[in-house]
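Student: I have a structure to go through with you. Can we take it feature by feature?

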Amino acid sequence: MSELDGLKAIVSGGGSGIGLAAARMLAARGAEVACLDLDPSRVGAPLLGLRADVTDQESVDSAVDAAVARLGGGLDILVNNAGIGAQGTVEANPLDEWHRVLDVNVLGMVRLTRAALPHLRASRAAAIVNTCSIAATAGLPNRALYSASKGAVQSLTLAMAADHVGEGIRVNCVNPGTADTPWVGRLLAAADDPAAERAALEARQPMGRLVSADEVAAAIAYLAGPAAGSTTGTVLAVDGGMQGLRLRPRP
Ligand SMILES: NC(=O)c1ccc[n+]([C@@H]2O[C@H](COP(=O)([O-])OP(=O)(O)OC[C@H]3O[C@@H](n4cnc5c(N)ncnc54)[C@H](O)[C@@H]3O)[C@@H](O)[C@H]2O)c1
């Protein structure tokens, strides 16, 4: 018997990168998993791919209904992972971009969590895992808007953990460092010198390499499962030591 046998999960942003890796890992551990994404075209069996836009409450509600029905009823695990990036100082991004990024990264979690809570309340092993970021806890240059969105995600995680602990719903988040996903691939492709940009990102992490999507997925799967049954309101860094370590410069 596998750790997550009999559990049903929804992963937002499950069409790519960390979300797809998390969905595959949850399924490998026995869960039945629906991936909600703007583009679920890369989601294959045994995962269920459903199109959903986390900025649209109707789209979220109908995708959650469809996921619960097609997974055979009930929901135990919600992974709030869909997110988009933004670069620049506090002056750089037009206000409509501020609204758009906060709408996806923060309100997207609000919409999906509201739709999922009635189902999670009926579960005996309910867990929410939010994908946050090192940007919530470290001041990174040129990430004002993105960092503000992830700071909100970390605080929301703690508040939700407090609100729902009495209902048996655990809420935690993972804080990845720079992870090797299609998102970072797009960032590198847009850089003047992609190899130099990649080397700079790798050097920023004490382990000297990017985090893998599977390493973040493993942290998500742990927090989502019964092995983390006494863990709520925590922030699990998966960042190659970027948040906690202060090393001397390499010789
Ligand atoms: N890659 C990194 O370095 C890194 C580091 C820290 C945190 N994160 C966080 O991890 C999460 C996943 O990032 P990733 O690197 O896997 O990116 P990704 O671009 O590979 O995947 C993100 C997915 O979210 C989906 N998505 C975007 N907007 C959506 C919307 N409105 N509705 C539904 N789906 C939507 C996209 O279609 C995509 O499939 C994000 O929340 C991101 O902020 C990433």
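Student: Which residues does G30 touch, not counting residues up to four places away in sequence?

Tutor: This is a predicted model. G30 sits in the loop between α1 (17–28) and β2 (32–37). Leaving out residues up to four places away in sequence, the residues G30 touches are S2, L4, D5 and G6.

Student: How far apart in space are G30 and V153, C-alpha to C-alpha?

Tutor: In sequence, 123 residues separate G30 and V153. C-alpha to C-alpha, the distance in space is 28 Å.

Student: V153 is also in contact with N105. Is N105 buried or exposed?

Tutor: N105 is placed in helix α3 (residues 95–121). The cut-off for buried is under 20% relative accessible area. N105 has 0% relative accessibility, so N105 counts as buried.

Student: Which side chain joins that of N105 in a polar contact of 3.1 Å?

Tutor: Set aside neighbours within four places in sequence. N105 is then in contact with A82, G83, I84, Y146, S149, K150 and V153. A polar atom of the N105 side chain lies 2.8 Å from the backbone nitrogen of I84. The side chain in the 3.1 Å polar contact belongs to S149.

Student: Y146 is among the contacts of N105. How do Y146 and W183 pair as aromatics?

Tutor: The structure holds one aromatic pair. Y146 and W183 form it, at 5.7 Å centre to centre and 70° between the planes. Planes over 60 degrees apart count as edge-to-face. The pair is therefore edge-to-face.

Student: How many residues apart in sequence are the parts that this pair ties together?

Tutor: Y146 belongs to helix α4 (residues 144–164). W183 belongs to helix α5 (residues 182–190). The pair therefore ties together parts whose separation in sequence, in residues, is 37.

Student: What is the phi of N142 near?

Tutor: N142 lies in the loop between β5 (126–131) and α4. At 42% relative accessibility, N142 counts as partly exposed. N142 is a residue other than glycine, yet its phi is positive, near 60°.

Student: Is the peptide bond from A45 to P46 cis or trans?

Tutor: P46 is found in the loop between β2 and β3 (48–51). Omega for the bond from A45 to P46 is near 10°. That peptide bond is cis.

Technical notes
Residues numbered from 1 in each chain as written. Predicted model: local features only at pLDDT ≥ 70, side-chain atom pairs only at ≥ 80, totals over all residues. Heavy atoms only, no water. Phe/Tyr/Trp six-rings, centres within 6.5 Å; stacked < 30°, edge-to-face > 60°. Helix = DSSP H or I, 4+ residues; strand = E, 2+ residues; numbered from the N terminus. Contact = heavy atoms within 4.5 Å. Buried < 20%, exposed > 50% of the residue type's maximum accessible area, 1.4 Å probe, protein only. Polar contact = N/O pair within 3.5 Å; in protein donor to acceptor, adjacent residues only side chain to side chain.
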